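Me: I am new to this structure and would like a close look at a single part of it. Please start from what a database record says, and then go into detail.

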Amino acid sequence: MSPPFTPLFIDGQSIPASDGATFQVVNVSTSEVVGVPASASSADCNAAVEAAGRAFTDWEKMTPYARRDIFLKAASLLDTEEWRARVVQTTVEETGCTPVWASLALSAAATIRIIASFANDLTGKTFMSATVPGMSCVMEQRAMGVIFGIAPWNAPFTLTIRAFGIPLICGNTVVIKSSEFSPRTQALAIQLFHEAGLPHGVLNYVSMSRENAPEFTAQIIAHPLVRKINFTGSDRVGRIIATEAAKHLKPTVLELGGKAPAVVLNDASIADAANAIVTGGMLHSGQICMSTERVIVQSGAAEQLIAQMQSLCQSLTAGDPKNSKLGPLFTEASAENVVSMISEARKAGAEVLVGDVVRNGAVVRPHIIKGVKPGMRLWERESFGPVFSVAVVDTPEEAVELANATDYSLSASLWTCDMYLARRIAPLIRAGYTNINGPTPHSEAFVTPAGLGGSSGYGHFGIDDFTDKRLVNTWPLGRHYPFLQ
């Protein structure tokens, strides 16, 4: 059988690229071509934005509760066995991930229902003017217009829904650009909502080859109808997106990289900490922006924690995603980068406690590296692989200082049984969210920030971020204007 074709979706129609161009998607674990998606042209990108622009007027006028009903229908569809099987199968085939990771995408049904509930929050407020007697003021939350969303490959179904969900419930229309590694999975999210009854043009989808992506992404950002951009991905590409948006003074929401620290104090529950840290660092082979990468442990707990982490990591198999806990990284180049970071750290004096510092194609075994310090690339840069950097400190204050010695600011965890100490220490860690006695890969949906700046990005995926606050003042008639006297 030939690999499946994934079309563009513009103005409610599934169409090939206007020039017939396509590209290939290769499963990294099998080296097989698993998809041939359309590669959008410049004309296709303009058509997608313009379709969203035409649809905006009617979609914005629709009541939030009518929009909510479409979201609830989409969630119900995703609860069916047919849709659940499609999402898991396509994610595994396209990205080479483990079935366990792919099945986590099914939590998107709950995410969709959370977004639907925000219809109740799209309210304004009325107040009397503080400076003009008799003036009434109405602050409204209004949709912005066309939103451009770019979602990544590592959680393609869920993060695509996040990229368009909040903008849509607020009354915006959206153009989604997929990753070149997961276009078929991301197209499923678009299909789900159109099957649920989304009007034509409200949600449009383009995929494009890696070679064309920089030029056409910049073209979409520059289009006058595009009001805001949201991007989830690497800090390298995030800087490019932010630069392009800044040329046109367009706002962005950027969720970028992470170098999440797990701070473990002397009185922590070591078994719980070790289980959560290894899960948080090794899930999806460390390819989550919130993956635990740095373990900062107080000296009194270090020996026991490291021993338990070693035991857990050595029990994890890496290889064929169907039969292993850890599947391959998304490319061989990514795997080579992880191995080179570890090699550099070892040459600089770090100690390899677990791992062989080699790759088998795109497969990298779990690694624990002790003695990694600021200044080493393994400390400074996101690895996006199955590797822990362990540092031992003497005091909680030193642990916080080391946790904050990074350009990343996305997530963190803190382990202690002293809740008074936890409440004092956790706010000192510079992260968008810190989980006390829990893994770093957890945030409350649409509440926590994308990052606090730097290489983790900034902004929120919330209704305040995808609506304009517009003030309408009603003046009393019969006012006296001294200027005219």
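Which residues does the UniProt annotation "domain: Aldehyde dehydrogenase" cover?

Reply: According to the unreviewed UniProt entry, the annotation "domain: Aldehyde dehydrogenase" covers residues 18–466. UniProt positions are given in the numbering used here, feature names are shortened, and annotations may be inferred rather than shown by experiment.

This is a predicted model, in which local features need pLDDT of at least 70 and side-chain atom pairs count only at pLDDT 80 or more, while totals for chains, interfaces and linings use all residues. Residues are numbered from 1 along each chain as its sequence is written, and side-chain values use heavy atoms, with hydrogens and water left out.

Helices (H or I, at least four residues) and strands (E, at least two) are DSSP runs, numbered from the N terminus. The protein as a whole has 15 helices and 22 strands. Of its 485 residues, 55% are buried (under 20% relative accessible area, with exposed over 50% and partly exposed in between, using a 1.4 Å probe and protein chains only).

Helix α5, residues 108–117, is a place to look at this burial. Its buried residues are Ala108, Ala109, Thr111, Ile112, Ile115 and Ala116. Seen down the axis of α5, these buried residues fall within an arc of 160°, so they line one face of the helix; the arc is that of the directions from the helix axis to the C-beta atoms. They pack against α2 (64–78), α6 (156–169) and α7 (183–195), where contact means heavy atoms within 4.5 Å.

Arg113 also belongs to helix α5. At 35% relative accessibility, Arg113 counts as partly exposed. Arg113 forms a salt bridge with Asp79, and their closest N and O atoms are 2.6 Å apart (a side-chain nitrogen of Lys or Arg within 4 Å of a carboxyl oxygen of Asp or Glu). The pair links distant parts of the chain, 34 residues apart, since Asp79 sits in the loop between α2 and α3 (81–95). Asp79, too, is partly exposed, with a relative accessible area of 37%.

Across the whole structure, a search finds 20 salt bridges. One of them joins Arg239 and Asp235, at 2.9 Å from N to O. These two are four residues apart in helix α9 (residues 235–247), about one helical turn. Asp235 is buried, with a relative accessible area of 4%, whereas Arg239 is partly exposed at 42%. Salt bridges that share partners join Asp235, Arg239, Arg381 and Asp407 into one network. Another salt bridge pairs Glu140 with Arg142, whose closest N and O atoms are 3.2 Å apart. Glu140 is partly exposed at 29% relative accessibility, and Arg142 is partly exposed at 31%.

Turning to the strands, β17 (residues 387–393) is mostly covered, with six of its seven residues buried. Strands β14 (residues 292–298) and β17 run parallel and are joined by five bridges; two strands pair if DSSP finds at least two bridges between them. Ile296 has Ala391 in β17 as its bridge partner. Strand β16 (residues 367–370) also runs parallel to β17, through four bridges, and His367 stands opposite Val387 in β17.

Finally, the overall extent: the C-alpha atoms fill a box of roughly 80 × 65 × 40 Å along the principal axes. Residues 24 or more positions apart account for 73% of the contacts with a separation of 6 or more.
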